[in-house]
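Dear colleague,

Please find the structure below, together with its sequence.

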Amino acid sequence: MRLLPASGLKILNRGLAAWTVIVFIFLYLPILILVVFSFNGGKNSKAWDGLSLKWYGELFNNTPIMESLKNSLIIAFATTIASVIVGTTGAWLLHRYKYKFSKTLQTLICVPMIMPEIVMGISLLILFTVVRMELGFATVTIAHITFCFPFVLVAVQARLHGLDPALEEAALDLGAKPLQAFWLVIVPCLKPAILSGALMAFTLSLDELIVTFFTRGPGSQTLPIVVYGKARVGLDLTLNALSTVFVITTVVFVFFSEYLRKISTRK
């Protein structure tokens, strides 16, 4: 196999660098434009009319958006807590005990991760209709838990496969009961996986649109539903302000988590 000459490698590296820059521009330029126009004093995004914070004022005074944000946070927190409990318990039971159809059960649990959202939304709507369950916060939360807890389960399972079984055996030999050994020994070792699964579940729940669209009730409108409704009518600079708030919040959390990681590494 012939190696490229130095000049050829330089050309290749420059080409890859240029391609990387193009990809980053394609990904982040729309976000940058969105952030810039959230400070536009005009009535729309077609023309710039000076710097202004009026859209942020209108955002925080917009009752439907604030109510839908509150609903989304309530559902996301409830979904995250339930998904962590169900996912962690399910991962431990599948890892600790051997069932006759454990492989089939695990496959069925992971189906919601790859199932099209519109199929899941329609299926859950039919289920809630058959059991005569009124659509509202409960149905949306159950729907979100259905597709969120498998992510927690998979993350915890991956951590369990690398866990030394001697840890639990040592705890049992020292007099701990099985539940105590699980809570005091296994769970602390699973914290990174549980945390990553919880963050994934919270993000998926907060961002979900299609499944929520089919399972929501009149009083359980979430933020993605309200944003989708407003975007269908026309581009509103209030949505630019809302998106900017989410972008800034995400960036702050990323830097904060990196800061915590560096502190833990130094310790």
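The notes below take the helix and then the cysteines.

This is a predicted model, in which local features need pLDDT of at least 70 and side-chain atom pairs count only at pLDDT 80 or more, while totals for chains, interfaces and linings use all residues. Residues are numbered from 1 along each chain as its sequence is written, and side-chain values use heavy atoms, with hydrogens and water left out.

Helix α5 covers residues 117-130 (helices are DSSP runs of H or I, at least four residues, numbered from the N terminus). Its 14 residues reach 20 Å from the first C-alpha to the last, close to the expected 20 Å, which is 1.5 Å times one less than the number of residues. Met120, Gly121, Leu124 and Phe128 of α5 are buried (under 20% relative accessible area; exposed is over 50% and partly exposed in between, with a 1.4 Å probe and protein chains only). Viewed down the axis of α5, these buried residues fall within an arc of 100 degrees, so they line one face of the helix; the arc is taken from the directions from the helix axis to the C-beta atoms. They pack against α4 (102-114), α6 (137-161) and α9 (210-215), where contact means heavy atoms within 4.5 Å. The face turned away from the buried side carries the exposed residues Ile126, Thr129 and Val130. Just after α5, Arg132 has a positive phi of about 55 degrees.

The model has 0 disulfides, counted as pairs of cysteine sulfur atoms within 2.5 Å. The sulfur of Cys148 lies 14 Å from the closest cysteine sulfur, that of Cys110, too far for a bond. Cys148 is buried, at 0% relative accessibility, whereas Cys189 is partly exposed at 21%.

With kind regards

Note on methods:
Helix = DSSP H or I, 4+ residues; strand = E, 2+ residues; numbered from the N terminus.
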